Every structure is written in C-alpha cells, then in structure tokens.
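Hello,

Here is the structure I promised to pass on.

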Amino acid sequence: MKKILAFIVIGIVIACYQWSFNNSNVSASVKGLKVVTDNNVTASSTNESAETAYQNRRSDVQVNGAGTVIKLLNDDNKGSRHQKFILRLGSGQTILIAHNIDLAPRINSISQGDQVEFYGEYEWNDRGGVVHWTHSDPNGYHVGGWLKHQGRTYQ
C-alpha cells in the first residue's frame, strides 16, 4: 500500500512539475512531508523534509536540504557510476548522497567541511537515509533533482 501511495504521489509531483515548468513554485503536502518542485529553495527552509522523512521512516519521497560534507566516499562504479559523500544536517542527522555521474557532472572541487544543498529522492535507512536522483531524468519520467556546491548547480 505504501508503494502504491508513493507512486501516486510521485505521479502527482511529476504532473505538477511539468505544469509548473515555467519556474513557478508548486508544492504539495503529503502526511507532513513537503514535496517541493521549486529548485530555488534556501538552506534555512529545507532540512525539515529530509529530517521528517527519516523520523517517519519514509522512502520514495522528494526531499531537499543542506548539510556539511563530513566524509567523501569512493565512487560506486557498478552499473551507473555514482559519486558518494555523507552530509551532516543541522539536526545532526547524517545522510548519504549518491549522485549519478553518468547523467550529471561530477563535483570535482568538493572537500570535507563544504556546504552542499540537495534535492532528490529519499530512501530511508537506520543510518540517516540516502538521497539519489540528484540529476535530471533524460526520459522525463522522474522529477529532476540537483546538488548545489559553491554557487554552482549540478543536475
């Protein structure tokens, strides 16, 4: 049932995103989770949705937030290649970012201690969760995500 609800929500978000492609700010609220389709968010208003998703053990939800890089990990080169690093959010929660570098540019200048904003799909785990889909979908089926680092957007 949860998966069906998630697919329905994702479908609604995609429809809203396509409808609002002219950069208007569209959002919906689903059981306390903020689903945002505006990529002009600010760090001060973003961590709540990633933290709420973690607290409620939600997966397959669009989240946005910002955090400090606490660890750079080796790239995952199995299948689609992903740049991986761990962020610490303002709440203390950690979150793994898995950024597809076959579909989006790699962040070459990233270092421990840097601030990174994110928008992507959240998957719950007991370590704080994973955010992926931090890139555009070349097929147009999935809501496009992004990472922001030092004033540059990677998507």
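Below is what turned up, from the whole chain down to single residues.

**Before you start**

This is a predicted model, in which local features need pLDDT of at least 70 and side-chain atom pairs count only at pLDDT 80 or more, while totals for chains, interfaces and linings use all residues. Residues are numbered from 1 along each chain as its sequence is written, and side-chain values use heavy atoms, with hydrogens and water left out.

pLDDT is the predictor's confidence in each residue, from 0 to 100. Its mean over the chain is 77, and 69% of the residues reach 70 or more. Please be careful with residues 3–47, where pLDDT stays under 50. The model has 64 contacts beyond four places in sequence for that stretch, a contact being heavy atoms within 4.5 Å.

**The chain as a whole**

The secondary structure comes to 2 helices and 9 strands. Both kinds of element are DSSP runs numbered from the N terminus: helices are H or I with at least four residues, and strands are E with at least two. Read from the N terminus, the order is α-β-β-α-β-β-β-β-β-β-β.

Of the 155 residues, 43% count as buried. Buried means under 20% relative accessible area, exposed means over 50%, and partly exposed is in between (1.4 Å probe, protein chains only). The chain exposes about 8,600 Å², with carbon and sulfur atoms supplying 50% of that area; the areas come from the Shrake-Rupley method with a 1.4 Å probe, and for residues only the protein chains shown count as cover. Among contacts with a separation of 6 or more, 54% are between residues 24 or more positions apart.

**The strands**

Two strands are called paired if DSSP finds at least two bridges between them. β3 (61–72) and β4 (82–88) are antiparallel and joined by 4 bridges; here Lys71 has Ile86 in β4 as its bridge partner. β4 also runs antiparallel to β5 (94–100), with 7 bridges between β4 and β5. Leu87 stands opposite Ile95 in that pairing, and His82 stands opposite Asn100. On β5 there is a parallel pairing too, with β7 over 2 bridges, where Leu96 faces Val130.

β5 is mostly covered, as 5 of its 7 residues are buried.

The β4–β5 hairpin has 5 residues between its strands, and Gly92 in the turn has a positive phi of about 100°. Gly92 is partly exposed, at 33% relative accessible area. From Gly92 to Glu51 the C-alpha distance is 9.7 Å, although the two are 41 residues apart in sequence.

**The nonpolar core**

In soluble globular proteins, nonpolar side chains tend to be buried together. A nonpolar core here is a set of buried Ala, Val, Leu, Ile, Met, Phe, Trp, Tyr and Cys residues joined through side-chain atoms within 4.5 Å. The largest one has 18 residues, and those touching the most other members are Val63, Phe85, Leu87, Ile95, Ile97, Phe118 and Leu147. α2, β3, β4, β5 and β6 (115–123) each supply at least two residues of this core.

Beyond its neighbours within four places in sequence, Val63 has contacts that include Ser49, Ala50, Ala53, Phe118, Tyr119 and Val131.

Leaving aside neighbours within four places in sequence, the contacts of His82 include Asp75, Asp76, His99 and Ile101.

Asp60, however, has a positive phi near 60°, in the loop between α2 (47–55) and β3, and is buried at 16% relative accessible area. Trp133 has a positive phi near 55°; Trp133 lies in the loop between β7 (130–132) and β8 (146–149) and is partly exposed at 24%.
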